[in-house]
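Hello,

Here is the structure I promised to pass on to you. Have a look at it first, and then read my notes below.

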Amino acid sequence: MQIRAGSKTITGKRSNNEDNLHADPDQRYFLVADGMGGQSAGEKASALAMEIIPQQLAKLDWNNASSDQAVRAIDTAIAAANSEILALGELDPRFHNMGTTVTFLVRAGDGILVGGVGDSRTYLLRNGKLELLTTDHSLVQALLDAGTITPDEALTHRYKNVLYRYLGEKTGGNPTSPRHIEIRPGDRYVLCTDGVTGSLNELHLAQILGSGNDPNQIAEQIVQAAYDMGSQDNITCIVVLVDGA
């Protein structure tokens with residue numbers, strides 16, 4: 001089966017773009033990152049992640065790699081990026097406490113591996129149903145999991161943007177436990193930052209993701225819709241379409 005991808009990132013209503021993305025030219029892996037730390041620090045953290053993780057993943061023989069080997073390669077790459085971001089933050093005061101989220105989609109053998117660190121997300125649209133494949137590493141998600149707050153309360157909670165795990169802190173490089181998804185023709189994925197999910201509800205996202213057949217146009221429509229809905233953040237996504245045999 002063939003995979004086609006398209007992407008879009010905009011600064012939006014911010015003064016600078018702390019988001020970054022990477023799409024492998026050979027369609028083997030896709031990454032989206034959302035930096036934090038203010039001004040150049042957030043940009044630097046997400047840029048480092050998008051530089052180091054692909055460099056590490058490129059070391060694997062993807063034509064012959066098993067799913068287990070791919071998982072190990074992902075964890076090694078995430079750990080390397082985390083260490084580099086931590087180290088630079090210690091060495092250079094400009095980048096102290098910088099960090100970044102990352103979400104990834106990796107094609108491995110007859111399946112797809114999906115995961116991440118932070119609150120950037122990956123969704124799957126299959127047979128008209130949208131499914132969130134990643135888990136936010138946020139205080140609000142922890143409160144939801146504990147049953148302390150309701151989903152409606154989570155939308156406007158004061159800790160909505162507070163993360164307990166991201167690249168650039170001690171647990172950011174821990175194993176990611178990616179989810180394995182069987183490849184099926186017609187599947188559609190979107191990897192996105194919270195500039196998308198913070199303003200665009202899942203019903204609207206599913207409608208756009210399910211329309212058209214050009215991944216670049218779909219990505220542009222998702223980003224534009226998030227902007228039109230009032231997103232105050234940088235807005236970034238990668239759209240991945242799975243074609244038939």
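**What I found**

Among contacts in the chain (heavy atoms within 4.5 Å) between residues at least 6 apart in sequence, 69% join residues at least 24 apart. Before you read on, please note that this is a predicted model, in which local features need pLDDT of at least 70, side-chain atom pairs count only at pLDDT 80 or more, and totals for chains, interfaces and linings use all residues. Residues are numbered from 1 along each chain as its sequence is written, and side-chain values use heavy atoms, leaving out hydrogens and water.

Now the overall picture. Of the 245 residues, 50% count as buried, meaning under 20% relative accessible area, while exposed is over 50% and partly exposed lies in between (1.4 Å probe, protein chains only).

Five strands form an open, antiparallel sheet in the order 1-10-9-6-7, where two strands pair if DSSP finds at least two bridges between them. At the edges are strand 1 (3-10) and strand 7 (129-132), each pairing on one side only. Strand 9 (residues 188-192) and strand 10 (residues 235-242) run antiparallel and are joined by five bridges; Val 190 stands opposite Val 239 in strand 10.

Which strands does helix 7 touch? Helix 7 (residues 215-228) packs on the sheet against strand 1, strand 9 and strand 10, and its direction makes about 30° with that of strand 1. For such angles, axes are lines fitted to C-alpha atoms, for helices over the stretch in contact, and values run from 0 to 180 degrees between N-to-C directions.

Ala 58 and Tyr 29 are 29 residues apart in sequence and 9.7 Å apart in space, C-alpha to C-alpha.

Enjoy exploring!

Notes:
Helices (H or I, at least four residues) and strands (E, at least two) are DSSP runs, numbered from the N terminus.
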